[in-house]
Amino acid sequence: MEVKFLDYTLRVGGEAGQGLQTIGGALAKIFSRKGYHVFTHQDYMSRIRGGHNYYQIRFSDRQVMASKEAVDILLALDRNTIEIHKNSVKDGGFILYDSESIKKKFEGPQFIDIPFRKIALDIGKNSVMANTVATGAVLGLLDLGLDVLNGILRMTFEEKGEEITEKNIACAEAGYNYAHSNCTRCEAFGIPEPESRKLLLIDGVRAIGMGALMSGCMFYSAYPMSPSTGILNYLASRAEEYGLVIEQAEDEISAVNMAIGASFAGVRSMTGTSGGGFSLMEEGLSLAGMTETPLVVAEMQRPGPATGLPTRTEQGDLLFVLHAGHGEFPRVIFEPGTPEQAFYLTNKAFELAEKYQIPVFILSDQYLGESEWTFENFDLKRLIYNDYRIREKDLEGAEGYKRYRYTDTGISPLAIPGEAGKHIVVADSDEHDEEGHIIEDAETRIKMVQKRLLKKLPQIKKEIETPLLYGDSSPEIVLVGHGSTYGVMKEIVDIYSKDRKIAMMHFSQIYPFPELDRFDYIKLFKNANLVISIENNASGQFAKLMRTETGFEFTHQILKYDGRPFTIENLKEEIDAFL
Amino acid sequence: MPSFEDYEGQVPAWCPGCGNFQILSTIKQALAELGIEPWEVLVVSGIGQAGKLPHYIKCHTFNGLHGRTLPVATAAKLANHSLHVIAVAGDGDCYAEGGNHFLHAIRRNPNISLFVHNNQIYGLTKGQASPTSAKRTYTQAQPFGYLSHPFNPLSLAISQDCSFVARGFAGDQEHLKELMKAAITHRGFSLLDILQPCVTFNKVNTFKWYRDRIYRLEDDYDPYNRIKAFERSLEWGDKIPSGIFYKKDKETLEEMVPTISEMPLVRKKFSVEALKHEIESFY
């Protein structure tokens with residue numbers, strides 16, 4: 001028996017500056033507080049005013065993790081939105097708009113004309129409240145009640161005083177009632193009451209930020225750059241409460257060198273940027289490698305080269321991050337597929353950075369970074385925190401401390417300058433001896449490369465988890481992907497799994513590349529009829545990496561490089577072409 | 001009390017007769033006389049002949065990248081403001097490669113001291129012009145002479161209201177030591193530009209050239225007068241003033257960050273328990 005799930009898509013479109021994020025953000029929060037699972041994604045232009053942007057919310061009674069093209073409700077704040085998106089609206093769907101504001105009347109069963117602006121002026125005495133009316137109207141259409149929205153309005157307008165708050169609440173109610181009584185077909189939605197449950201709603205950048213916070217990161221330096229700025233903003237908003245130091249650097253070169261300086265001084269540190277900024281950080285990355293200073297870097301990809309498409313998405317920097325920085329030194333790259341993975345992998349990034357004294361990357365992109373997902377909970381017991389820093393008490397009775405002491409593991413004691421009694425900590429970007437002083441002799445050079453790189457690598461490799469297999473355990477069709485394509489691939493597997501033996505192989509711990517001894521995924525690929533590599537880039541960077549690391553060559557690839565994420569429909573269409 | 005010998009590092013690999021030797025021994029003297037122990041000091045450097053100084057002094061040191069001395073030093077100070085942090089750089093290191101960081105360190109005003117070994121030439125890369133080289137300086141890389149106008153670090157710093165601006169001379173160690181002590185004990189970002197000859201590559205600005213020109217600012221000179229300080233910073237030619245040009249009392253970066261007012265960041269204990277409720281903000 002086929003179980004039909006509730007699964008609706010709401011798209012809010014308009015110009016930059018019209019408050020799409022505020023409306024979309026509020027609605028996403030309302031749905032999740034009501035107990036619905038939510039997935040949001042943002043499509044916007046690199047401008048402060050004008051243009052065309054949209055904020056899409058998918059909500060359901062089960063977890064949703066990708067966007068759909070087909071829309072159930074379109075909330076149009078300008079005429080352009082209707083022109084662009086009306087064909088995406090399903091037959092039974094609705095288009096909410098205000099004909100008076102956009103100066104055009106549309107005919108058809110889908111259109112519900114609501115005087116957002118007039119209601120705002122009549123009731124709120126201010127046209128600014130039109131967005132509150134519109135938000136109320138969406139809820140009225142869905143018959144979802146106003147309780148959560150009223151709570152959000154009270155919080156949002158608390159500082160502006162009682163009068164403004166009450167006017168907004170009245171506007172929301174008027175919008176709600178108008179939509180509710182003017183929508184003749186709304187029972188078609190038949191929204192069932194969701195389970196009573198608490199869901200957390202979080203996007204990728206905040207998940208990374210909270211992961212850092214809960215890993216003991218106390219120093220974050222960055223230069224603002226979309227789409228990494230969300231990490232900076234989140235951590236800055238928590239700085240006072242949790243005692244962090246946040247520094248907006250003068251450029252990315254400074255940002256990475258600051259993170260290294262703070263880490264050298266004993267504080268868990270992180271920097272974040274996008275591809276262009278990371279290009280500037282490369283020498284600093286190499287410095288972290290040479291000085292063996294723990295460093296976590298979030299690289300939130302957007303389409304390049306150069307300035308590229310600043311507000312859009314791509315997985316185009318994988319091989320760049322893998323090869324960035326001159327010289328040879330170990331590194332780890334994580335590419336989370338969900339905000340939940342981003343949270344735990346950021347924690348693991350700090351653990352490995354501190355344990356092995358290496359740079360570790362969280363590689364993500366605009367799509368995951370700015371998409372909100374719902375989860376039942378994050379289990380804080382899964383978080384790892386080991387303090388690898390050496391202090392005075394750890395060095396009691398020790399003879400001379402040597403920052404780069406040769407050890408069996410290649411890992412030298414990492415003392416904190418000034419907190420290690422009278423011991424002296426010396427770090428050097430030149431090749432150096434055990435004490436940290438500049439040398440040029442070949443023998444020391446060889447021993448240091450062995451210590452820094454060759455001895456650590458096999459241990460680091462063992463830390464890497466195998467890729468995630470989802471779906472059939474001996475599949476005929478395998479979808480292979482990495483990072484932010486997780487959600488769309490997983491939903492596609494669910495769609496096909498009714499009549500096909502299909503699975504997804506998702507890589508989130510990308511480098512060192514997962515070894516085959518614990519899970520021979522290559523064997524699984526070879527036993528399948530069709531193995532498709534799916535990537536949000538033009539050259540199939542992961543497929544190249546797979547070939548380099550394992551010799552396996554994908555015969556089928558789906559590559560998307562229009563700066564937009566895969567949607568369920570367009571990925572399915574591409575896969576169908578191979579079937 | 002620490003002694004000069006407590007700061008003894010490795011044997012320097014500088015050219016015989018280099019002004020760096022005087023600067024190095026003066027730093028050690030200044031630190032010893034201030035009663036600062038080697039484990040209370042962090043010296044951060046970049047790359048260049050000055051950048052090698054950390055290896056020749058015994059204290060915490062971080063010898064980083066060319067030009068990037070100040071970001072590392074600033075962040076280390078934010079992470080542990082109980083350390084005395086001294087940034088050591090050359091004229092190419094600080095004023096060319098690291099020019100942007102120099103500007104912004106002045107603006108941030110961390111309580112660190114910046115000692116710039118200014119020999120008006122590139123030493124490590126063997127003799128190219130530096131930002132402070134005189135116009136029409138001829139080098140292998142400047143066949144028509146250096147065509148840029150020389151950079152005036154003091155004027156720039158004063159124009160940006162830098163908290164402490166001074167010039168010393170490697171050949172006047174007594175004076176240099178007092179300037180270093182003043183810079184280290186100054187509350188705020190202190191720039192000490194130290195003129196020194198490069199005996200190998202700069203045949204013009206020799207010890208004698210400097211000795212013939214350098215004089216100390218008058219005893220009654222008022223370093224709190226910004227306009228006068230700017231005027232004096234423009235003096236360069238037959239007469240070159242040395243001393244503390246400008247001082248301004250202002251809040252330091254660390255003082256303005258409320259989260260480190262009670263203790264250095266590095267001493268804060270972390271427990272995930274204390275953050276448990278953070279997750280509630282996402283429901």
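Chain B has nine helices and eight strands in its secondary structure. Helices here are DSSP runs of H or I with at least four residues, strands are runs of E with at least two, and both are numbered from the N terminus. The radius of gyration of chain B is 20 Å, close to the 19 Å of the globule rule for 283 residues, so chain B is as compact as a globular protein of that length. That radius is taken over C-alpha atoms, and the globule rule is 2.2 Å times the number of residues to the power 0.38.

Before going further, a word on the source. This is a predicted model, in which local features need pLDDT of at least 70, side-chain atom pairs count only at pLDDT 80 or more, and totals for chains, interfaces and linings use all residues. Residues are numbered from 1 along each chain as its sequence is written, while chains are lettered from A and ligands numbered from 1 in the order in which they are written.

## The two chains

Chain A holds 20 helices and 23 strands. Its radius of gyration is 26 Å, close to the 25 Å that the globule rule gives for 579 residues, so chain A too is as compact as a globular protein of its length. The table sets out further values for each chain. In it, a residue is buried if 20 or more other C-beta atoms lie within 10 Å of its own, exposed if 12 or fewer, and partly exposed in between, with C-beta atoms placed from the backbone. Two residues are in contact if their C-beta atoms, placed from the backbone, lie within 7 Å.

| Chain B | roughly 70 × 45 × 40 Å | 52% of 283 residues | 71% |

Chain A is divided into domain 1 (7–188), domain 2 (202–382), domain 3 (389–461) and domain 4 (465–576). These bounds come from an automatic or database domain assignment. Between the C-alpha centres of domain 3 and domain 4 of chain A there are 41 Å.

## A sheet in chain A

Seven strands of chain A form an open sheet with mixed pairing, in the order β9-β8-β10-β11-β13-β12-β21. Which strands stand at the edges? They are β9 (245–248) and β21 (509–511) of chain A, each with a single partner strand, so one side of each is left without a neighbour in the sheet. From one strand to the next, the twist averages 20°.

Strands count as paired if DSSP finds at least two bridges between them. Strand β8 (residues 219–222) of chain A runs parallel to β9(A), and four bridges join them. A:S221 is found opposite A:E247 of β9(A).

Two helices pack on this sheet. Helix α10 (residues 252–264) of chain A touches β8, β9, β10 (269–273) and β11 (295–301) of chain A, and its direction makes about 165° with that of β10(A). Helix α13 (residues 339–356) of chain A touches β11, β12 (332–334) and β13 (359–365) of chain A, at about 160° to the direction of β13(A). For these angles, axes are lines fitted to C-alpha atoms, for helices over the stretch in contact, and the values run from 0 to 180 degrees between N-to-C directions.

## Where the chains meet

The contact takes 55 residues from chain A and 45 residues from chain B. On the side of chain B that touches chain A, the elements giving two or more residues are β2 (60–63), α2 (69–79) and α4 (99–108) of chain B. With eight residues, α2(B) gives the most to that side.

Strand β17 (residues 426–428) of chain A and β2(B) pair in the parallel sense over three bridges. A:D428 has B:N63 in β2(B) as its bridge partner.

A:A262 sits in helix α10 of chain A. Is A:A262 buried or exposed? It is buried, with 34 other C-beta atoms within 10 Å. Leaving aside residues up to four places away in sequence, A:A262 touches A:F219, A:V267, A:S269, B:A75, B:A76, B:L78 and B:A79.

## A residue in a loop

A:D143 lies in the loop between α5 (130–142) and α6 (147–156) of chain A. A:D143 counts as partly exposed because it has 15 C-beta neighbours inside 10 Å. Residues up to four places away in sequence aside, A:D143 touches A:H180, A:C186 and A:I191. A:D143 and A:I191 are 48 residues apart in sequence, and their C-alpha atoms are 8.1 Å apart in space.
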